[in-house]
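Dear colleague,

Please find below the structure that I am handing over to you. A short account of what was found in it comes after the display.

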Amino acid sequence: MTLNRAVIQSVVQRLAVHLLCALPLCYWLWQMALTIMGQRTTLSTDPGQILADQTGMWALNFLLLSLALTPLHKWFRVRWVTYRRAVGLWAFAYAVLHVLVFYWLILGGNLATFGRELTQRPYIVLGALALLLLIPLVVTSTQAAMRRLKKNWKKLHQLVYLIAVLAAIHALWQLKGDWGWPMVQMMILVGLLGIRVYWWLQRRRTGGRAL
Ligand code: HEM
């Protein structure tokens with residue numbers, strides 16, 4: 001009976017996490033449908049530009065959220081830490097969508113121009129590197145890979161910090177004036193990295209017993 005309740009609770013929570021993560025995507029689909037029906041929406045003026053910005057922003061938001069779940073758990077007992085992997089996978093999904101929007105809606109599906117952008121614009125090189133580095137993390141995000149890689153799994157997944165740094169610089173670099181949210185994202189990232197360095201120093205001081 002208790003076991004059943006725990007299982008149902010866990011399934012409902014997992015579903016809620018996925019639904020919450022899918023909200024931005026649902027919103028864009030709804031806005032697109034309204035635009036196609038001829039109504040004025042947030043996508044009416046420049047859908048490619050707006051969707052490229054929004055998908056990139058949400059990819060980084062979810063990446064930062066996945067990094068924040070461990071400190072939130074340690075300090076405030078927020079139990080959603082088990083959904084770190086799900087949130088990370090959503091970050092990857094939004095990053096892929098971001099690149100597809102850039103390729104189809106901004107570059108009109110022109111592969112040669114895409115290749116040129118990838119090699120010539122430094123901020124795009126950083127974004128591409130971030131996306132490439134995300135791939136091994138996604139591929140090894142299963143329980144089976146975790147068991148197979150043992151200690152190396154943790155080392156490999158620490159790459160997520162480098163990925164977040166690359167993505168945050170990529171976001172700041174492409175700005176044409178308004179520093180708003182990308183700057184906040186960078187500050188959140190610096191804070192999260194600071195917490196990790198603090199924990200690492202604490203562990204060294206106490207010979208690994210602190211955490
Ligand atoms: C091949 C990979 C990538 C390409 C070609 C790319 C391309 C772009 C472009 C063209 C923009 C500027 C959009 C505009 O004109 O306003 C942009 C912005 C952005 N990208 Fe990427 N990107 C890539 C990977 C990533 C990844 C992996 C992330 C995050 C995980 C990311 C996050 C962002 C963010 C946060 C912005 C700024 C959005 C804003 O203005 O708030 N990008 N990207």
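This is a predicted model: local features need pLDDT of at least 70, side-chain atom pairs count only at pLDDT 80 or more; totals for chains, interfaces and linings use all residues.

I begin with the iron atom of the ligand. Its protein donors are the NE2 atoms of His-98 and His-170, which lie 2.0 Å from the iron. The iron site has 6 donor atoms, and the angles among them run from 84 to 179°, giving an octahedral arrangement. For reference, the ideal angles for six octahedral donors are 90 or 180 degrees. His-170 counts as buried because its relative accessible area is 15%, below the 20% cut-off.

Helix H3 also packs against helix H2. The axes of H2 and H3 are 8 Å apart and form an angle of about 165°. The two helices are therefore roughly antiparallel, since that description applies to angles over 145 degrees. H2 passes H3 in a left-handed crossing.

Finally, Leu-43 sits in the loop that connects helix H1 (2-36) to helix H2 (47-76). Leu-43 is buried, at a relative accessible area of 3%. Beyond its neighbours within four places in sequence, Leu-43 is in contact with Trp-28, Gln-31, Met-32, Thr-35, Ile-50 and Leu-51. The C-alpha atoms of Leu-43 and Trp-28 are 8.3 Å apart, with a separation of 15 residues in sequence.

With kind regards

Technical notes. Residues are numbered from 1 along each chain as its sequence is written. Side-chain values use heavy atoms; hydrogens and water are left out. Helices (H or I, at least four residues) and strands (E, at least two) are DSSP runs, numbered from the N terminus. Buried means under 20% relative accessible area, exposed over 50%, partly exposed in between (1.4 Å probe, protein chains only). Contact means heavy atoms within 4.5 Å. Donors are N, O and S atoms within 2.8 Å of the metal (3.2 Å for Na, K and Ca); water is not among the atoms, so sites may look incomplete. Four donors count as tetrahedral if all angles lie between 85 and 135 degrees; four count as square planar and six as octahedral if opposite donors are over 155 degrees apart and all others between 65 and 115; anything else is irregular. Axes are lines fitted to C-alpha atoms, for helices over the stretch in contact, and angles run from 0 to 180 degrees between N-to-C directions. Angles under 35 degrees count as roughly parallel, over 145 as roughly antiparallel, 65 to 115 as roughly perpendicular and the rest as oblique. A crossing is left-handed if the near helix is turned anticlockwise from the far one by less than a right angle, and right-handed if clockwise.
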